[in-house]
Amino acid sequence: PATYVLSFWGKAASPTAVIQVNLWPEIGPFPLVGLSLNHAEWKRAFASVYLSATQPLKLEVIQNSANSGDVCYVDGIMLERWIQLPGAPATATPAPSAWAEGFNIAPRYASQTLQNALLSDLLPNGASPASLTYWTEW
């Protein structure tokens with residue numbers, strides 16, 4: 001049993017386009033959590049969900065459009081286990097690890113694989129990790 005955070009970055013190329021990301025149990029009539037965006041600029045959407053047991057999950061990505069020419073962009077879909085750090089307030093809200101152009105923040109409990117993936121996504125070919133990335137424990 002644990003709390004997980006579903007997150008993604010997205011933007012819509014027209015005001016009538018909407019991106020929707022749903023996390024479903026393998027068997028069940030309703031999504032565990034659903035997120036949607038329809039912003040013209042890149043924006044991150046996230047929500048937390050508590051899973052009481054290990055279970056297979058399905059991820060659904062939908063573009064809802066009023067017009068046939070609508071376009072949406074989605075990047076960085078992540079499902080992460082959220083671990084509340086010792087000393088953090090009991091009311092702390094589960095949040096995803098953060099990244100944006102020019103810097104990167106990852107939870108200190110993130111696996112080495114996740115840290116490497118976050119880093120490699122940000123670096124252009126030949127760039128030094130020290131010049132573009134900051135790691136913060138939170």
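**Strand partners and a buried arginine**

Visitor: What's the bridge partner of Tyr4 in E6?
Guide: Tyr4 is paired up with Arg81 there. This is a predicted model, where local features need pLDDT of at least 70, side-chain atom pairs count only at pLDDT 80 or more, and totals for chains, interfaces and linings use all residues. Residues are numbered from 1 along each chain as its sequence is written, and side-chain values use heavy atoms, with hydrogens and water left out.

Visitor: How many bridges join E1 to E6?
Guide: Nine, with E1 covering residues 2-12 and the two strands running antiparallel. Strands are DSSP runs of E, at least two residues, numbered from the N terminus; two of them pair if DSSP finds at least two bridges between them.

Visitor: What's the strand order in that sheet?
Guide: E4-E1-E6, an open sheet of three strands with antiparallel pairing. E4 (43-51) and E6 (72-82) are the edge strands, each with a single partner, so one side of each has no neighbour in the sheet. Neighbouring strands are turned by 15 degrees against each other on average, direction ignored, using axes fitted to C-alpha atoms, with angles from 0 to 180 degrees between N-to-C directions.

Visitor: Switching to charges: is Arg44 buried or exposed?
Guide: Buried, and without a salt bridge. Buried means under 20% relative accessible area, exposed over 50%, partly exposed in between, with a 1.4 Å probe and protein chains only. A salt bridge needs a side-chain nitrogen of Lys or Arg within 4 Å of a carboxyl oxygen of Asp or Glu, while Glu80, the nearest side chain of opposite charge, is 4.4 Å away from Arg44. For charge, Lys and Arg count as positive, Asp and Glu as negative, and His and the chain ends are not counted.

Visitor: Which aromatic pair turns up?
Guide: Trp42 and Tyr73, tilted, at 6.5 Å centre to centre and 50 degrees between the planes. Rings of Phe, Tyr and Trp (its six-membered ring) pair if their centres lie within 6.5 Å; planes under 30 degrees apart count as stacked, over 60 as edge-to-face and the rest as tilted. Trp42 is in the loop between E3 and E4 and Tyr73 in E6, 31 residues apart.

Definitions and conventions. Helices (H or I, at least four residues) and strands (E, at least two) are DSSP runs, numbered from the N terminus.
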